[in-house]
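Reader: Hi, I have a structure open and would like to go through it slowly with you. Could you start with how far the model can be trusted?

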Amino acid sequence: PRSIQSNNLAQLQHSPALKPKNDSQSQSHKIMPTQSTSSQKINDIITVVATVFDVPPYAILSRKRPALLATARLVAMALTRELTWYSLAEIGEHFAGRDHGSVIHATKRLPQIEADPRYAPLVRASRIQLANQAQVSNTSVQTLQFSSKFLKSSLHQISGCTYSLSP
């Protein structure tokens, strides 16, 4: 659990979304390229929620519990549960080694948070940004599928042979 927590924290600390707002902040938050991993979707959700709630993404993985930060963490956990196929335990592990009960708690608290006038616009904005990201991603997949069909058609016209491209 500790190594997973450290890996996720390191990955988020080097995320482009973590560039300090002014140069007087620590140099430990330099932008570095990250590898695409299976947890990239979770990191995307954390980054969007952190941006909307105006907290640093790495703070969402911390053990700190100020109200705004704890609420952002709950929203990020609940949206991760809602938008991905990760198990409760996998989501909890990603969020600094928390257990599945923390994710269940976040999921149950989300409607309450969405009803709070202080946080409702932030949750709504997070959902909209995540939906926009998913739409862009789906558009890219559709473009690739179209390109694949176009390529097959062109190859057939040129050679008169039928080609099968793996999906």
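Author: This is a predicted model, and the mean pLDDT of the chain, where pLDDT is the predictor's confidence in each residue from 0 to 100, is 76, with 57% of the residues reaching 70 or more. Because of that, local features are described here where pLDDT is at least 70 and side-chain atom pairs count only at pLDDT 80 or more, while totals for chains, interfaces and linings use all residues. Residues are numbered from 1 along each chain as its sequence is written, and side-chain values use heavy atoms, with hydrogens and water left out.

Reader: Where is the confidence lowest, and where is it highest?

Author: Helices here are DSSP runs of H or I with at least four residues, strands are runs of E with at least two, and both are numbered from the N terminus. Confidence is lowest in helix α1 (residues 2-13), with a mean of 51, and highest in helix α6 (residues 100-115), with 97. Over residues 1-6 the pLDDT is below 50, and beyond near neighbours in sequence that stretch has three contacts in the model, a contact being heavy atoms within 4.5 Å. The pLDDT is also below 50 over residues 16-38, a stretch that has 28 contacts beyond near neighbours in sequence.

Reader: Ok, changing topic: how many salt bridges are there?

Author: The count comes to three, where a salt bridge is a side-chain nitrogen of Lys or Arg within 4 Å of a carboxyl oxygen of Asp or Glu. In general, side chains of opposite charge can pair when their charged atoms come close.

Reader: Which residue does Glu82 pair with?

Author: Glu82 meets Arg127 in a salt bridge, at 2.3 Å from N to O. Glu82 lies in helix α4 and Arg127 in helix α7 (residues 120-159), so this pair ties together parts that are 45 residues apart in sequence.

Reader: And which other residue forms a salt bridge with Arg127?

Author: That is Glu114, with the closest N and O atoms 3.0 Å apart. Since Arg127 lies in helix α7 and Glu114 in helix α6, this pair ties together parts that are 13 residues apart in sequence. Taken with the previous pair, Glu82, Glu114 and Arg127 are linked in a network of salt bridges.

Reader: Is Arg127 buried, exposed or partly exposed?

Author: Buried means under 20% relative accessible area, exposed means over 50%, and partly exposed is in between, using a 1.4 Å probe and protein chains only. Arg127 is partly exposed at 27%, Glu114 is partly exposed at 30%, and Glu82 is partly exposed at 44%.

Reader: What about Arg118 and Asp116?

Author: Their side chains meet in a salt bridge at 2.7 Å, N to O. Arg118 counts as exposed, at 58% relative accessibility, whereas Asp116 counts as buried, at 18%.

Reader: Now the inside: which residues of the largest nonpolar core touch the most other members?

Author: A nonpolar core is a set of buried Ala, Val, Leu, Ile, Met, Phe, Trp, Tyr and Cys residues joined through side-chain atoms within 4.5 Å. The largest one has 30 residues, and Val49, Phe53, Val55, Ile60, Val75, Leu79 and Phe95 touch the most other members. Two or more residues of this core come from each of α2 (40-53), α3 (57-60), α4, α6 and α7. Leaving aside neighbours within four places in sequence, the contacts of Phe95 include Ile42, Ile46, Ile60 and Leu61.

Reader: How many aromatic pairs are in the whole structure?

Author: The search finds one, where rings of Phe, Tyr and Trp (its six-membered ring) pair if their centres lie within 6.5 Å, and planes under 30 degrees apart count as stacked, over 60 as edge-to-face and the rest as tilted. Phe53 and Tyr119 form a stacked pair, 6.3 Å centre to centre with 20° between the planes. Phe53 is in helix α2 and Tyr119 in the loop between α6 and α7, 66 residues apart, and both are buried.

Reader: Last one: where is Thr84, and what does its side chain reach?

Author: Thr84 is in the loop between α4 (67-83) and α5 (88-94), and it counts as buried at 12% relative accessibility. The side chain of Thr84 reaches the backbone oxygen of Thr80 at 2.6 Å. Not counting residues up to four places away in sequence, Thr84 touches Lys41, Ile45 and Ile91.

Conventions. Polar contact = N/O pair within 3.5 Å; in protein donor to acceptor, adjacent residues only side chain to side chain.
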